[in-house]
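Biologist: I am new to this structure and would like to go through it by asking questions. Could you show it first?

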Amino acid sequence: MKTRNVEIEVTEDAEAAAARVADLLADAARAGGHVVLTGGSTPARAYELAAGREQDWSRVELWWGDERCVPPDDDRSNFGMAKRTLLDNIATQPAAVHRMRGELGPDAGAEEYDREMGDLARFDLLLLGLGPDGHVASLFPNQPTLDESERRVLGAEAKLEPFVDRITLTLPVLRCAHAILFLVTGADKADAAARAFAGQPSRATPAGLVRAVSGTTTAVLDRAAAAKLL
């Protein structure tokens with residue numbers, strides 16, 4: 001099913017959605033390139049499954065779309081979650097792991113990540129989630145961060161729990177990815193999914209503003225999240 005420049009894949013349940021995304025992550029690990037991971041609770045199972053599908057991640061460099069401003073061993077850390085579920089369970093580590101240093105704070109952390117990106121022009125695979133309010137990465141509804149057109153990385157104020165400052169990639173960077181992949185599960189995401197993938201682009205739903213300029217945009221949803229799209 002295709003809606004507003006997004007290829008929609010609907011799976012029976014959250015486990016099947018995680019499995020589908022795990023397959024795509026494992027494929028990306030084999031192909032090599034620059035892969036962006038996301039945080040939150042939804043992708044953890046996909047990372048566990050991806051580790052089982054492919055043990056050699058030496059051909060990729062891993063990046064993050066956003067991070068909470070906490071140390072990497074904090075339970076709220078996006079990097080920490082990926083380390084526990086993916087990196088700690090594979091035999092061969094990525095060529096590089098570019099974590100956002102949330103412990104530096106939003107502004108200094110954003111500046112350092114921009115330096116880390118160097119002259120990197122685009123990501124090969126960008127994995128994103130979707131908040132129940134429609135946010136994507138740490139770009140929240142109707143916030144000034146949505147207007148940024150020059151900087152690639154910004155500090156952001158959290159508008160949803162956990163209420164800690166964030167570091168996030170900006171819309172121009174997200175849109176430049178060769179392949180954008182959303183993973184969305186749960187009935188609490190159904191309204192946001194309908195707005196993001198079938199509604200008109202709006203600052204009220206930042207995820208609806210993220211489409212690949214030159215590439216593919218795919219959303220993998222379980223039936224509960226896709227209820228208002230079917």
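Modeller: Before the questions, one term: two strands count as paired if DSSP finds at least two bridges between them. Keep in mind that this model is predicted.

Biologist: In strand 7, which residue is the bridge partner of V35?
Modeller: Strand 3 (residues 33-37) and strand 7 run parallel in their pairing, with two bridges between them. V35 has its bridge partner in strand 7, and that partner is L125.

Biologist: Are L125, L126, L127 and L128 of strand 7 buried or exposed?
Modeller: Strand 7 spans residues 125-128. L125 and L127 lie on one side, L126 and L128 on the other, and both faces are covered. The four leucines are all buried.

Biologist: There is also an open sheet of three strands; what is its order?
Modeller: Its edge strands are strand 5 (66-68) and strand 8 (153-156), each of which pairs on one side only. Strand 8 pairs with strand 9 (residues 166-169) in the antiparallel sense, over four bridges. The pairing in the sheet is antiparallel, and the order is 5-9-8.

Biologist: Which residue in strand 9 is the bridge partner of V153?
Modeller: Strand 8 and strand 9 are joined by four bridges. For V153, the bridge partner in strand 9 is L169.

Biologist: What angle does the direction of helix 4 make with that of strand 8?
Modeller: Helix 4 (residues 106-117) packs on this sheet, where it touches strand 8 and strand 9. Its direction and that of strand 8 make an angle of about 165°.

Biologist: Turning to helix 1 and helix 2, how are they oriented to each other?
Modeller: The axes of helix 1 (residues 14-31) and helix 2 (residues 44-53) come within 8 Å and cross at roughly 50°. Angles under 35 degrees count as roughly parallel and 65 to 115 as roughly perpendicular. The two helices are therefore oblique.

Biologist: How many residues of the contact of helix 1 with helix 2 are charged?
Modeller: Helix 1 contributes E15, A18, A19, V21, A22, D23, L25, A26 and R30, and helix 2 contributes R45, A46, Y47, L49, A50 and R53. Ten of these contact residues are nonpolar and none is polar, while the number charged is five.

Biologist: How many of the eight residues of helix 3 are buried?
Modeller: Helix 3 covers residues 78-85 and is largely enclosed by the rest of the structure. The cover over its buried residues includes strand 3, helix 2, strand 4 (60-64), strand 5 and strand 6 (96-97). The buried residues are N78, F79, G80, M81, A82 and T85.

Biologist: Does T38 count as buried or exposed?
Modeller: T38 sits in the loop between strand 3 and helix 2. Beyond four places in sequence, T38 touches P43, Y47, M81, L127, L128 and G129. The relative accessibility of T38 is 9%, and the cut-off for burial is under 20%, so T38 counts as buried.

Biologist: What distance separates the C-alpha atoms of A190 and A226?
Modeller: A190 belongs to helix 6 (residues 190-198) and is buried, at 5% relative accessible area. Leaving aside neighbours within four places in sequence, A190 is in contact with A224, A225 and K228. A190 and A226 are 36 residues apart along the chain, yet their C-alpha atoms are separated by 5.8 Å.

Note on methods
Residues numbered from 1 in each chain as written. Predicted model: local features only at pLDDT ≥ 70, side-chain atom pairs only at ≥ 80, totals over all residues. Heavy atoms only, no water. Axes fitted to C-alpha atoms, helices over the stretch in contact; angles between N-to-C directions. Parallel < 35°, antiparallel > 145°, perpendicular 65-115°, else oblique. Contact = heavy atoms within 4.5 Å. Nonpolar A, V, L, I, M, F, W, Y, C, P; charged D, E, K, R; others polar. Buried < 20%, exposed > 50% of the residue type's maximum accessible area, 1.4 Å probe, protein only.
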